[in-house]
Amino acid sequence: MATILGQNQYGKAENRVVKITRDGDTHHIKDLNVSVALSGDMDDVHYSGSNANVLPTDTTKNTVYAFAKEYGIESAEQFGIHLARWFVGSQEPIQRARIRIEEYAWDRIATSDANSKFIGADEVNHSFVRKGMETRVTQITYDGQNWEVISGLKDLVVMNSTNSEFWGYVKDKYTTLKEAYDRILATQVSARWRFNWSDDEQRMPNWEKSYAETKKHMLQAFAETYSLSLQQTLYQMGSRIINHRSEIDEVRFSLPNKHHFLVDLEPFGLKNDNEVYFAADRPYGLIEATVLRDGVDARIPVDMTNL
């Protein structure tokens with residue numbers, strides 16, 4: 001039975017590109033997931049395997065990153081128009097380009113009145129929290145006499161676009177990571193905190209206010225800490241909560257390091273001045289620890305933050 005080729009397309013899907021625009025000390029973020037699909041005169045590659053009309057999908061990926069530098073990202077629509085026009089206009093066999101873009105929005109983190117001593121500035125304009133926010137969680141245990149309340153959140157994505165370094169670490173023959181003196185620090189916070197309220201004779205916390213204030217202190221600590229490691233940032237986040245919320249005795253964090261690597265734009269004759277990054281999905285570093293009020297025993301299960 002004879003067969004013929006029907007509709008077809010190809011391209012590179014889910015190119016994660018993060019563009020940092022630096023306006024002095026104030027930074028702006030555009031975080032996109034760009035998928036490119038191209039179609040046109042592609043019969044030969046299917047019938048005979050000839051790649052004469054095929055623009056490699058790797059090239060479409062490179063174009064996304066290069067355009068982020070050359071044209072910037074004013075909007076997802078503007079960026080997609082530039083890409084589609086380029087692919088159809090520059091490659092005769094390509095007759096149609098479909099660009100699908102998801103944009104992940106970020107809000108600035110409002111910092112406290114007196115910023116950390118590490119910053120040395122009146123305002124912090126490089127710290128962001130992903131819009132859509134987190135899932136709030138709680139676990140209540142009661143045995144007829146005693147209560148245990150462990151609350152928290154998960155999927156709270158935060159980023160510092162500067163004021164983060166990572167260097168001076170152990171190196172062996174398998175180490176390839178370059179030391180970083182100005183990097184993006186991003187993580188997806190999963191946190192649990194345990195209240196010291198345990199029986200009905202005690203004054204019950206204001207749960208809504210406690211949650212809002214705990215999250216606020218956590219975010220402020222993330223924004224205001226000049227970080228030399230994600231571990232250091234984690235400890236500052238937990239300490240800020242313990243020091244400001246008397247109803248909480250213990251905090252446990254699970255912080256995946258959402259790596260952002262500078263894209264090498266030199267093959268395209270472009271200099272990447274800490275502007276265009278590849279947002280890596282996996283593998284990722286995973287940093288976990290508990291921060292306690294002095295004299296208190298740890299009771300939050302070690303693996304609870306991964307549930």
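Predicted model: local features only at pLDDT ≥ 70, side-chain atom pairs only at ≥ 80, totals over all residues.
Q: Great. How is the chain divided into domains?
A: Into domain 1 (1-145) and domain 2 (151-306), with bounds that come from an automatic or database domain assignment. Their C-alpha centres lie 24 Å apart.

Q: Which three residues supply more of domain 1's share than any other three?
A: Lys-69, Glu-134 and Arg-136, which supply 18% of the area that domain 1 buries against domain 2. Arg-136 also forms a salt bridge with Glu-208, the closest N and O atoms being 3.3 Å apart.

Q: How many salt bridges are there between the domains, and how many in the structure?
A: Three between domain 1 and domain 2, and 16 in the structure. The criterion is a side-chain nitrogen of Lys or Arg within 4 Å of a carboxyl oxygen of Asp or Glu.

Q: What about Asp-31, which residue does it form a salt bridge with?
A: Arg-16, with the closest N and O atoms 2.5 Å apart. That pair links distant parts of the chain, 15 residues apart: Asp-31 is in strand E2 (residues 26-40) and Arg-16 in strand E1 (residues 15-23). Helices (H or I, at least four residues) and strands (E, at least two) are DSSP runs, numbered from the N terminus.

Q: Switching to pockets: how much space lies in the largest pocket?
A: About 680 Å³. On a 1 Å grid over the protein atoms alone, a pocket is an open set of points where a 1.4 Å probe fits, with protein on both sides within 12 Å along at least five of seven lines; lining residues have an atom within 4 Å of a point. The volume is the space filled by probe spheres set on the points, which are joined across faces, edges and corners.

Q: Which residues are closest to its centre?
A: Of the 24 lining residues, Leu-177, Lys-178, Ala-180, Arg-183 and Phe-261. Helix H5 (230-244), strand E10 (260-262) and strand E12 (285-292) each supply at least two residues of that lining.

Q: And the second largest pocket, how much space is in that?
A: About 510 Å³. It has 26 lining residues, and Gln-188, Pro-256, Lys-258, Asp-281 and Tyr-284 are the closest to its centre.

Q: Which domains does that lining draw on?
A: Domain 1 and domain 2, with at least three residues from each. The largest share, four residues, comes from E8.

Q: Last topic: where is the cis peptide bond?
A: Between Arg-282 and Pro-283, with omega about -5°. Pro-283 lies in the loop between strand E11 (276-279) and E12.

Q: And what is phi of Asp-155?
A: Near 65°, a positive value in a residue other than glycine. Asp-155 is found in strand E7.

Methods. Residues numbered from 1 in each chain as written. Heavy atoms only, no water. Buried area = accessible area lost by both parts, 1.4 Å probe.
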